[in-house]
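Please read the following note with the structure open beside it.

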Amino acid sequence: MHYHSLVTLLSTSALLAAASPVPDVCSIRDSINNNINLNAVADRLVPASLRPTLNSGFLLPFTRHVNSTGSANLVKFDQARAQAKKAYPRPGGALRGASAASSGMFEAPGTSRAVSYTVTVSIGSPPTTYELLIDTGSANTFVGAGKKYVHSDTARATGEIVSVTYGSGYFMGQEFIDTVTLAPGLTIGNQSFGVAMNSSGFDGVDGILGVGPQGLTRGSLSLCPETTIPTVTDNGWNAGYLDKYEIGISFQPTRSVVKQNGELTFGGTDPTKYMGDLQYGPMTNITPASHYVGYVQSIRYGDKGPVLKETAGILDTGTTLTLIASDAFKRYQNYTGGVLDDDTGLLRITKEQYGNLKNLYFKIGDEEYVLTPNAQIWPRALNEQIGGSPDGIYLIVNDLGEDSGEGLDFINGMTFLERYYAVYDVGNSRIALAKTKYTDADVN
């Protein structure tokens, strides 16, 4: 988008606000949401045996793409994203960073790169498909960053301007309402999404599918800044499509540049993807972690001692590395003997140090979750794709950027999630983790 077009967009928004049409725009949006809620009530009054039977067992392809621009960029990306999350909320606006059907569950596989994971979704009728980043750390959905938005016959403009800053990127554009299909049998009607007229930081993808807490959308609308926007999960639940108000998250480590390696389950979990029981724990009320999929944990390194005392942080599919507060990172570096590598931005260790590497234990509630030595290193087959040496050994634990005590002292990103099955239980404000066959696997 050209600068003059952006100025025109902002000026138009300001003129609309000055002309006092805000009640009309907000009333339209409230009317749409009220219709969704009324339909949800009606749907839930119908006995389950009389509801339409939906398809089950359909998955959308999920592929991993490794960013070959260098891991130093990856580290900067993750740290910028972390700083934006720690800064939320800012005054005057927000800073943001499918088996099933008959049983009320839908699975939507996705695509992953070194810095992102995406799902393919369809919008409108006739439908157009878009590759969107999976993000539990934000809640707005938008398209148009890559592929140009195709206006469908069923799309409706709300007259709103929507914008979100993620730290690692941003977008600004117009808000539309249309149908969004996440998986065969799971089509969400009246879903809000943004169409980017200006964006940055989203090379190679078309936008974001935000599935984090709905409150993160507050401040993203220009004319109705106090209005929050229901996510696809919220609307799926409200419309009676989902059996449970939750998302299951399954990924697996891979040594390939391009690899199918995960799925999201909307409305339940996929027991074939994990072992044993899911262990649930409450989400935290400590800010700013409480704005996200936040919880409390502590970290220790083998029998050497604590790395991070019990504190609040978040689970985030939009972050690749496992980030810990600066003081904790220094302790981890001392324990491992890792040296900061200029080419990658990651800690590098020798083969001898790798042989002596200890388990890293994450304690959440009464349960401990381990990252084995192999789980703590970047896949060596992909070293060159991140700017590293072919025979180098690089650690995936890195510096969050500030000392602990700030209310968001860790981010367990995709390198952690590749080893555990995770559940974001929206309805009960809790998370769950379980071991998978990849938890202890030596694949890196």
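Contact here means that heavy atoms lie within 4.5 Å. The model under discussion is predicted.

1. Strand 15 (residues 294–301) deserves attention at the outset. Six of its eight residues are buried, so strand 15 is largely enclosed by the rest of the structure.

2. Strand 15 pairs with strand 16 (residues 305–315) in the antiparallel sense, over seven bridges. Within this pairing, tyrosine 295 stands opposite glycine 313 of strand 16. The two strands form a hairpin with three residues between them, and glycine 302 in the turn has a positive phi of about 50 degrees.

3. Strand 15 also pairs with strand 20 (residues 360–364), again in the antiparallel sense, over four bridges. Here tyrosine 301 stands opposite leucine 360 of strand 20.

4. Which residues touch the most other members of the largest nonpolar core? They are Leu209, Phe266, Ile324, Tyr332 and Leu360, in a core of 86 residues. Strand 16 gives the most to this core, contributing five residues. A second, separate core has 15 residues, among them Phe171, Ile208, Leu221 and Cys224. As a general background, nonpolar side chains in soluble globular proteins tend to be buried together.

5. Leucine 360 links the topics above. Leaving aside neighbours within four places in sequence, leucine 360 is in contact with Ile299, Arg300, Tyr301, Val307, Tyr332, Tyr369, Val370, Leu371, Gln376 and Val397. Tyr301, one of these contacts, is the residue that stands opposite leucine 360 in the pairing of strands.

Conventions
Residues are numbered from 1 along each chain as its sequence is written. This is a predicted model: local features need pLDDT of at least 70, side-chain atom pairs count only at pLDDT 80 or more; totals for chains, interfaces and linings use all residues. Side-chain values use heavy atoms; hydrogens and water are left out. Buried means under 20% relative accessible area, exposed over 50%, partly exposed in between (1.4 Å probe, protein chains only). Two strands pair if DSSP finds at least two bridges between them. A nonpolar core is a set of buried Ala, Val, Leu, Ile, Met, Phe, Trp, Tyr and Cys residues joined through side-chain atoms within 4.5 Å.
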